[in-house]
Each structure stands twice: as C-alpha cells, then as structure tokens.
Amino acid sequence: MPISIKSDTLARLITVVMTGEITTADLITGDDRFREDANFHRDCDQLIDTRDAHGVDIDSDAIRTLANRAPLFSNQSRRAIVAKGDLGFGIARMYELNRAGEAGEIQVFRDLKEAKEWLAREGRNQSPVKTG
C-alpha cells in the first residue's frame, strides 16, 4: 500500500506518508486502519505528507465521501496536510473546507517544515516533533 502510518505517542503525533499513485480506495482503507487500531487516540495531532503522491481517481466526489465519514479525530486535534503541486494542494484544501471543525483544526501547507512548526506551536505537542 502506498500509505505508511507512524505513531509517536510521546509527541502525540500520527504521521502519514503517501507515495506514488493513490486511489480513493487507498484513502478509505487508510482511514479504516485508524478506526480499527485499538492504540489510536482521537486527540492526537496528524501530519499527512502527500508530496510524493499523486491521486489517480481522487476528485471532489471522493473528497466529499471522505469528509462525510464520522469524525475520527477529536475537535481538539490539529491536522496538517503537506502537498507539493497545485492539484494536490487544491484537493487538500477541498478536504480542509469540507471536514474542518468537528474533526479538529486542519491546515494545508506546501512546506513540510512549516507544517511541523504549526503542529508544534501553542502547546499542543509538548515534545519536539520527530522528523524520522
């Protein structure tokens, strides 16, 4: 699967890295993995790195489908999405607009360092964000 998930419980951060061709089914399967994980904590923050991925069938209908699923993260969580190209950035912004609020604060970035700084800001993550 082109989606890897790493949990850092000390930093209260879940990092998701997407590479290669990503389909709508991949996104739903990744979301389901969180829902089935007994160690998942709803109040963690999340960093989603899509810089090396491209969606082959991800469109506005797919984003609405994902955004309309029951919230997985609490409204106290922060989620940063990093996208390199204009299309990926636009899709991520569409998700942000459709999902933000009830599922925590979501912000889209073009720069990984800025995303990590935003997640670490304002006392949410008391430990430094790991770059590993």
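Biologist: How do you know what share of the contacts in the protein comes from residues 24 or more positions apart?
Modeller: In this predicted model, a contact means heavy atoms within 4.5 Å. Among contacts with a separation of 6 or more, residues 24 or more positions apart account for 77%.

Biologist: What pattern does the protein follow along the sequence?
Modeller: Reading along the sequence gives β-β-α-β-α-β-α-β-α. That comes to 4 helices and 5 strands.

Biologist: How are the strands arranged, and in which order?
Modeller: The 5 strands form an open sheet in the order 1-2-3-4-5, with mixed pairing.

Biologist: What makes strand 1 and strand 5 edge strands?
Modeller: Each of them pairs on one side only, which is what puts strand 1 and strand 5 at the edges. From one strand to the next, the twist averages 15 degrees.

Biologist: How do you know that strand 4 and strand 5 pair, and how many bridges join them?
Modeller: Pairing needs at least two bridges. Strand 4 and strand 5 are joined by 5 bridges, so they count as paired, and they run parallel. One example is isoleucine 81, whose bridge partner in strand 5 is valine 108.

Biologist: Which helix touches strand 4 and strand 5?
Modeller: That is helix 3, which packs on the sheet. The direction of helix 3 makes about 170 degrees with that of strand 5. Helix 4 lies across strand 2, strand 3, strand 4 and strand 5, and runs at about 175 degrees to strand 4.

Biologist: Let's turn to single residues. Why is serine 74 called buried?
Modeller: Buried means under 20% relative accessible area. Serine 74 has 11% relative accessibility, so it counts as buried. You can find serine 74 in the loop between helix 2 and strand 4.

Biologist: Which residues is serine 74 in contact with, leaving aside its neighbours within four places in sequence?
Modeller: They are Arg42, Asp43, Glu102, Ala103 and Gly104.

Biologist: What makes the pair of arginine 12 and aspartate 43 a salt bridge?
Modeller: The side-chain nitrogen must lie within 4 Å of a carboxyl oxygen. Here the closest N and O atoms are 3.7 Å apart, so the pair qualifies. The two partners are 31 residues apart: arginine 12 is in the loop between strand 1 and strand 2, and aspartate 43 is in the loop between helix 1 and strand 3.

Biologist: What phi does arginine 12 have?
Modeller: Arginine 12 has a positive phi of about 55 degrees, although it is not a glycine. Most residues other than glycine have a negative phi.

Biologist: Why does the salt bridge of glutamate 105 and arginine 78 tie together parts that lie apart in sequence?
Modeller: First, their side chains meet at 3.7 Å, N to O. Glutamate 105 lies in strand 5 and arginine 78 in strand 4, so the pair ties together parts that are 27 residues apart in sequence. Glutamate 105 is partly exposed at 41%, whereas arginine 78 is buried at 7%.

Biologist: How do you know whether aspartate 86 is buried or exposed?
Modeller: Exposed means over 50%. Aspartate 86 has a relative accessible area of 61%, so it is exposed. The side chain of aspartate 86 meets that of arginine 110 in a salt bridge of 3.1 Å, N to O. Aspartate 86 is in helix 3, while arginine 110 is in the loop between strand 5 and helix 4, 24 residues apart. Arginine 110 is partly exposed, at 42%.

Biologist: How many salt bridges does a search of the whole structure find?
Modeller: The search finds 10.

Biologist: Which are the buried residues of helix 2?
Modeller: They are Ala62, Ile63, Leu66 and Ala67.

Biologist: Why do you say they are on the same side of helix 2?
Modeller: Because they cover an arc of only 130 degrees around the axis. These buried residues pack against helix 1 and helix 3. At the start of helix 2, a side-chain oxygen of aspartate 59 comes to within 3.1 Å of the backbone nitrogen of aspartate 61.

Methods
Residues are numbered from 1 along each chain as its sequence is written. This is a predicted model: local features need pLDDT of at least 70, side-chain atom pairs count only at pLDDT 80 or more; totals for chains, interfaces and linings use all residues. Side-chain values use heavy atoms; hydrogens and water are left out. Helices (H or I, at least four residues) and strands (E, at least two) are DSSP runs, numbered from the N terminus. Buried means under 20% relative accessible area, exposed over 50%, partly exposed in between (1.4 Å probe, protein chains only). Axes are lines fitted to C-alpha atoms, for helices over the stretch in contact, and angles run from 0 to 180 degrees between N-to-C directions. The arc is that of the directions from the helix axis to the C-beta atoms. A polar contact is a pair of N or O atoms within 3.5 Å; within protein, one must be able to donate a hydrogen and the other to accept it, and residues adjacent in sequence count only if both atoms are side-chain atoms.
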